[in-house]
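This report walks through one protein chain, beginning with a term that the later sections rely on. Please keep the sequence and the 3D view at hand while reading.

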Amino acid sequence: LKQRAAGYPILKKAFLKSQGYPLNLDQPTTFCEWVNFKKIKDRHPLLPITSDKLRVRDYVHSKLGKQMADEILIPLLHFGDNCNEIPFDSLPEEYFLKPNHASGLS
């Protein structure tokens with residue numbers, strides 16, 4: 001609430017440092033400005049569900065049904081809270097590991 005009341009100074013400072021131009025939340029024009037505007041202003045209840053790699057699968061199943069959802073969703077081979085429990089021996093030769101808590105990590 002303090003950040004909102006102060007006009008998001010920390011966000012604006014970080015944006016300026018990373019993008020090289022000031023953040024305009026009143027009239028966003030660039031993609032990066034729109035992303036930040038959306039993070040602050042858009043409170044649609046589906047956003048947390050669709051941005052969660054696991055929860056979105058349940059949502060797709062509930063909307064399309066299991067058969068159709070399974071046809072379009074990439075198969076989920078494993079999920080868990082402990083990376084030491086990943087069954088590497090039983091995974092296929094090629095697979096992707098994706099954390100649910102982050103984006104763009106390698």
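## Exposure and the basis of the report

A residue is called buried when its relative accessible area is under 20%, exposed when that area is over 50%, and partly exposed in between, with a 1.4 Å probe and protein chains only. By this scale K38, at 42% relative accessibility, counts as partly exposed.

The model is predicted, so local features need a pLDDT of at least 70 and side-chain atom pairs count only at pLDDT 80 or more, whereas totals for chains, interfaces and linings use all residues. Residues are numbered from 1 along each chain as its sequence is written, and side-chain values use heavy atoms, with hydrogens and water left out.

## Confidence

The predictor's confidence in each residue is given as pLDDT, from 0 to 100. The chain averages a pLDDT of 91, and 96% of its residues score at least 70. Helices are DSSP runs (H or I, at least four residues), numbered from the N terminus, just as strands are runs of E with at least two residues. Confidence in the chain is lowest in helix α1 (residues 2–6), with a mean of 78, and highest in α6, at 97.

## Salt bridges

Side chains of opposite charge can pair when their charged atoms come close. A salt bridge here is a side-chain nitrogen of Lys or Arg within 4 Å of a carboxyl oxygen of Asp or Glu, and a search of the whole structure finds 2 of them. In one, the side chains of D42 and K38 meet with an N to O distance of 2.3 Å; D42 counts as partly exposed, at 23% relative accessibility.

In the other, K66 pairs with D70, and the closest N and O atoms are 2.7 Å apart. Because K66 and D70 lie 4 residues apart in helix α6 (residues 66–72), about one helical turn separates them. K66 is exposed, with a relative accessible area of 57%, while D70 is partly exposed, at 38%.

## Cysteines

A disulfide is a covalent bond between the sulfur atoms of two cysteines. The rule applied here asks for a pair of cysteine sulfur atoms within 2.5 Å, and by this rule the count comes to 0 disulfides. C32 is partly exposed, at 25% relative accessibility, and C83 is exposed, at 57%.

## The largest pocket

On a 1 Å grid over the protein atoms alone, a pocket is an open set of points with protein on both sides within 12 Å along at least five of seven lines, whereas a cavity is a set where a 1.4 Å probe fits but cannot get out; lining residues have an atom within 4 Å of a point. Grid points are joined across faces, edges and corners, and a volume is the space filled by probe spheres set on the points.

About 880 Å³ of space lies in the largest pocket. Its lining has 25 residues, and L76, H78, F96, L97 and K98 lie nearest the centre. The lining divides into 15 nonpolar, 5 polar and 5 charged residues, where Ala, Val, Leu, Ile, Met, Phe, Trp, Tyr, Cys and Pro count as nonpolar, Asp, Glu, Lys and Arg as charged, and the others, Gly among them, as polar.

## Selected positions

Y8 is found in the loop between α1 and α2, and its phi is near 60°, a positive value in a residue other than glycine. Y8 is buried, with a relative accessible area of 18%.

V60, in helix α5 (residues 55–64), is also buried, at 17%, and its C-alpha atom is 9.4 Å from that of I72, 12 residues apart along the chain. T29, in the loop between α2 (9–19) and α3 (31–41), is exposed, at 66%, and 34 Å separates the C-alpha atoms of T29 and I74, which are 45 residues apart along the chain.
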